[in-house]
Amino acid sequence: MGDVWYQRAVRVPQGWGGQRIVLRFGSATHRAVVWVDDAEVAAHEGGYTPFEADITDLVVPGAEHRVTVVVNNTLSWQSIPPGHVKETPDGPRQRYFHDFFNYAGLHRSVWLYTTPRTYISDITVFTRLAGSTGSVEYHLEAVGGEEHEVRVTLRDADGTEVARAAGAQGGLTVEDVHPWRPGEGHLYHLHAELWGTSDTPADTYPLPVGVRTVAVEGSRFFINGEPFYFTGFGKHEDSPVRGKGHDDAFMVHDFALMEWLGANSFRTSHYPYAEEALEYADRHGIVVIGETPAVGLNAELGATLAEAVFTTFSEHTINTATQDVHRQAIREMIARDKNHPCVVIWSIANEPESHTGASFSYFDPLVAETRRLDPTRPVAFANFMTATPDRDLISGLFDVLMLNRYYGWYKDLADLAAAERHLEAELRAWTQKHDKPIIMTEYGADALMGLHGVMPSPWTEDYQADVLAMYHRVFDRVDAVVGEQIWNFADFATAPGLLRVDGNKKGVFTRDRRPKTSTRLLRERWREHR
């Protein structure tokens, strides 16, 4: 708990003279301060989104410089996710309210890169479909290029130009468009250029673009005007040895396992994943629910996971300062991921308290800010099990109902007949209260690899499979259900606790990705019946 220091000597390439030089961190969990030599260049709060610093005036091309970063993993009432430090006779101890290990540090790449002094700083694209015609609206931002001309071209996957436009804002029309769709990650290539008086562009900016639409109408969810049913998982960036450190090989293997099962989607529970994961999902047509790190905003979970008794929203716990950090996390997630066609929903929290007036006051402006930043995607949050339709107060603010439910495990343990009745009754109660699509974003049961019994009983692989089968029967009877994402894809590390045996065992794969019995059930359902 506390600070950890990283330091490295780097030599700036001699050929970078005259360029703008930038130091970029893919993430630093949960906060960081950065120096180049003895000059502080950046400070950032939040563990899962990138930040960078322009260090052009601090470094000399061809020379060696020292990069230092101090990363702090302490969680407080004003961090996202929240936590608190408990003073004990043996010293301070970190307590937190999320059910996964509080890995911290530099989990993603650190880069030195260059741009021209006049450069394109950002592009935002929105896409539409009208029959066989697609459109790409773009908005480009440039620095130092007030007198420069912007030229934009759009090319198909084979390099054929299909549209062009001029100006910092504009539209591109694509006849006989090839849409991005689930299972088929077709991408166009937008190429923006900044031109001055030279015979070469001052800067260029390539951006993959998937032309697709997302819409919610009543209790149905549409991609490209076609009803879509989510199958897949809540996942974690978690693996043996590396913890949350990004690993390309593990990522590709996980996607291959999801394809083997027939899964078409996943949620980035409970934080934005590495950019490589979204780029891979774009190219392979995998649908993603993008989620902020706002997990653990719930006194009930705090009492269970950290033996902490508190009021969730108050002047001294989660307050307006926390809300500001949460708002910034939403902004940074959307800024980073807005152009990924794979992302179809913004989830702004996981299992927060949602049955009090204070929770409504907290979330109302955050939902408004999310819609302001991106009016094209639905907004949702993952609802906690005790926030039933008769208690929940905030779901009316959102577009999609995402429910986390554990009938047959935390409730009705070993009584699947009762669990099935209670699950269906609750889902039907939600349909009476809200005409919205329902995605079951968490359901499942812990299972120890290799544990079986004559009668399926809790913790056996057989019982986990029976729990999933029970949920699927109910889903097939409730029309408003438009998705099923099991908790979890693979076993993962957690803080020590009596509810956990070497971590959370709700994965349908072990932590080292060996399949449990339930994977056979899922493969049959998702590959053959959907």
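Analyst: What follows is a run of questions about labels, each answered from the value behind it. Heads-up: this is a predicted model, where local features need pLDDT of at least 70, side-chain atom pairs count only at pLDDT 80 or more, and totals for chains, interfaces and linings use all residues. Residues are numbered from 1 along each chain as its sequence is written, and side-chain values use heavy atoms, with hydrogens and water left out.

User: Why is the pair of Phe 381 and Phe 398 called tilted?

Analyst: Rings of Phe, Tyr and Trp (its six-membered ring) pair if their centres lie within 6.5 Å; planes under 30 degrees apart are stacked, over 60 edge-to-face, and the rest tilted. The centres of Phe 381 and Phe 398 are 4.8 Å apart and the planes make 50°, so this pair is tilted. The rule gives 28 aromatic pairs here.

User: What makes that pair a tie between separate parts of the chain?

Analyst: Phe 381 is in strand S24 (residues 379-383), while Phe 398 is in the loop between S24 and strand S25 (401-404), so the pair ties together parts 17 residues apart in sequence. Helices (H or I, at least four residues) and strands (E, at least two) are DSSP runs, numbered from the N terminus. Both Phe 381 and Phe 398 are buried.

User: Which residues do ring pairs link into a cluster?

Analyst: The cluster takes in Tyr 48, Phe 100, Phe 255, Phe 266, Tyr 271, Tyr 273 and Tyr 280. Phe 255 of H1 and Tyr 280 of H2 also turn up where those helices meet.

User: How do H1 and H2 pack?

Analyst: Helix H1 (residues 248-261) and helix H2 (residues 275-284) pack at about 35°, with axes 11 Å apart; axes are lines fitted to C-alpha atoms over the stretch in contact, and angles run from 0 to 180 degrees between N-to-C directions. Asp 248, Met 251, Val 252 and Phe 255 in H1 meet Glu 276, Ala 277, Tyr 280 and Ala 281 in H2, contact being heavy atoms within 4.5 Å.

User: What makes Lys 235 count as sitting over the ring of Phe 489?

Analyst: The test asks for NZ of Lys or CZ of Arg within 6 Å of the ring centre and within 35 degrees of the ring normal. The charged end of Lys 235 is over the Phe 489 ring, 4.8 Å from its centre. Arg 20 lies over the face of Tyr 119, at 3.9 Å from the ring centre.

User: Asn 224 and Ala 414: buried or exposed?

Analyst: Buried is under 20% relative accessible area, exposed over 50%, partly exposed in between (1.4 Å probe, protein chains only). Asn 224 comes in at 16%, so it's buried; Ala 414, at 53%, is exposed.

User: Why flag their phi values?

Analyst: Because most residues other than glycine have a negative phi. Asn 224 has a positive phi of about 60°, and Ala 414 has one near 65°. Asn 224 is in the loop between strand S18 (220-223) and strand S19 (226-227).

User: Which peptide bond ending at Pro 81 is cis?

Analyst: The bond joining Ile 80 and Pro 81, with omega about 5°. The bond from Thr 29 to His 30 is cis too, with omega near 5°.
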